[in-house]
Amino acid sequence: MKTIIAANWKMNKTRPQAVAVAGDVAASLKESPVPEREVLIFPPATCLDCVSAAADNMYETGIQNLYPAEEGAFTGEIAPGMVHDAGGTWALIGHSERRHIFMEPDDFIATKVNFTLAHDLKVMLCVGETLPEREAGQLRAVLLRQLTSALSGQAAGAVGRIAIAYEPVWAIGTGKTAGSQEILEAHEIIRDILRMVFTSGDEVPILYGGSVKPANAAEILALDNVNGLLVGGASLEARSFLDIVRAGL
Ligand code: PEP
C-alpha cells in the first residue's frame, strides 16, 4: 500500500491563501513526482473547490467533517453530494476536535462513516485516547470502542476506502509527539482490531497524527504499522508539508 501523507488545515486560510499553498504543493509534485506517496489535503469547506482545482490531479482532497443527510434543514452542515460537487473524494470523520470540542459521540461518528461510504466518498477515521485515558491504562479499551463502533457494520468492500488516523489527543497541536514505543504499541493494537473486524484488516492504512514535523516524519514513517501521517500545523506551509511528503525517501 502507498504511504499516505494528509494535510488537515483545520479552520485556517482564506481562499487566496489556500490556493497559493495548494498550487505550490501541486507544482512541486508535478516537477519532482513522488510515486511512493499518496498526498491528500483537507482544506476548510469554503476552499474545497479551489484547492481541488489547484491540485491539478497531483493529489486528492477532502472535507474535514460532514453531516449524514443528503440535504435539508441542517443549518451550517455539509452533505456528501456537496463534497463531490466541490471536487472532494475523502471525508475526515471523528477528528478529536469534533469528538471533544463539538461533543460528537461514537454512535454519531459511526452513522457518519456509514453514510459517507454509502455516498461514495473515502473515509479517514480518527481515533485516539486522551491523557487521562492513557494514564488510567485505557488505551486498548478506547481504541477498541472507537474502532468497533464505527467499523463493525462495514462490509469487506469498505477495505480500500477507509484509512485510520491514530491521533493521541494529548499530542495534537501541542508540540508533543508520541514516542516511538507509544506509536508502535497503539498501531499494533489498531492493527489487531482491524484484523478482528475485517478479514483483510492488514490492507487498511493506519496513519499517525500529532505534532508531526519535517524533523520527526521519517523516523515515525519507519515504524511498523505506520502507513502514513496526518499533519495539522506543519501542513499549513507548502515547504514544510512537502518536506514531510518527501521524508525518508
Ligand atoms: C491534526 O489536526 O490532525 C493534527 C495532527 O494536528 P498537529 O499536526 O498540529 O498536531
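Biologist: Quick one to start: why does D202 count as partly exposed?

Modeller: Because its relative accessibility is 42%, and partly exposed is what falls between buried (under 20% relative accessible area) and exposed (over 50%), with a 1.4 Å probe and protein chains only. Before we go on, this is a predicted model, where local features need pLDDT of at least 70 and side-chain atom pairs count only at pLDDT 80 or more, while totals for chains, interfaces and linings use all residues. Residues are numbered from 1 along each chain as its sequence is written, and side-chain values use heavy atoms, with hydrogens and water left out.

Biologist: Which residue forms a salt bridge with D202?

Modeller: R195 does, with the closest N and O atoms 2.7 Å apart. A salt bridge here is a side-chain nitrogen of Lys or Arg within 4 Å of a carboxyl oxygen of Asp or Glu. R195 also counts as partly exposed, because its relative accessibility is 44%.

Biologist: What about R99 and D106, buried or exposed?

Modeller: R99 is buried, and D106 is too. They form a salt bridge with each other, at 3.0 Å between the closest N and O atoms. E97, by contrast, counts as partly exposed because its relative accessibility is 25%.

Biologist: Switching to the ligand. Which residues are closest?

Modeller: K10, E167, G173, S211 and G232 are the closest of the 14 residues that surround the ligand.

Biologist: Which atom of the ligand is 2.9 Å from the side chain of H95?

Modeller: An oxygen atom; it sits at that distance from an N or O atom of the H95 side chain. That is a polar contact, meaning a pair of N or O atoms within 3.5 Å; within protein, one must be able to donate a hydrogen and the other to accept it, and residues adjacent in sequence count only if both atoms are side-chain atoms. The ligand taken alone exposes 290 Å², and the protein buries 97% of that. Those areas come from the Shrake-Rupley method with a 1.4 Å probe.

Biologist: Back to S211: what's its phi?

Modeller: Near 55°, a positive value in a residue other than glycine. Most residues other than glycine have a negative phi. S211 lies in the loop between β7 (206–209) and α9, and it counts as buried because its relative accessibility is 9%. N225 also has a positive phi, near 65°; its place is the loop between α9 and β8 (228–231).

Biologist: OK, α9 then. Which of its residues are buried?

Modeller: N216, A217, I220 and L221, in a helix covering residues 214–221. Down the axis of α9, those buried residues fall within an arc of 130°, so they line one face of the helix. The arc is taken from the directions from the helix axis to the C-beta atoms. The face turned away from that buried side carries the exposed residues A215 and E219.

Biologist: Last one: where does Q64 lie?

Modeller: In the loop between β3 (60–63) and α3 (80–85). Q64 counts as buried because its relative accessibility is 18%. Its side chain reaches the backbone oxygen of P43 at 3.2 Å, and a polar atom of that side chain is 3.1 Å from the backbone oxygen of F42.

Technical notes
A residue is near a molecule or strand if one of its heavy atoms lies within 4 Å of it. Helices (H or I, at least four residues) and strands (E, at least two) are DSSP runs, numbered from the N terminus.
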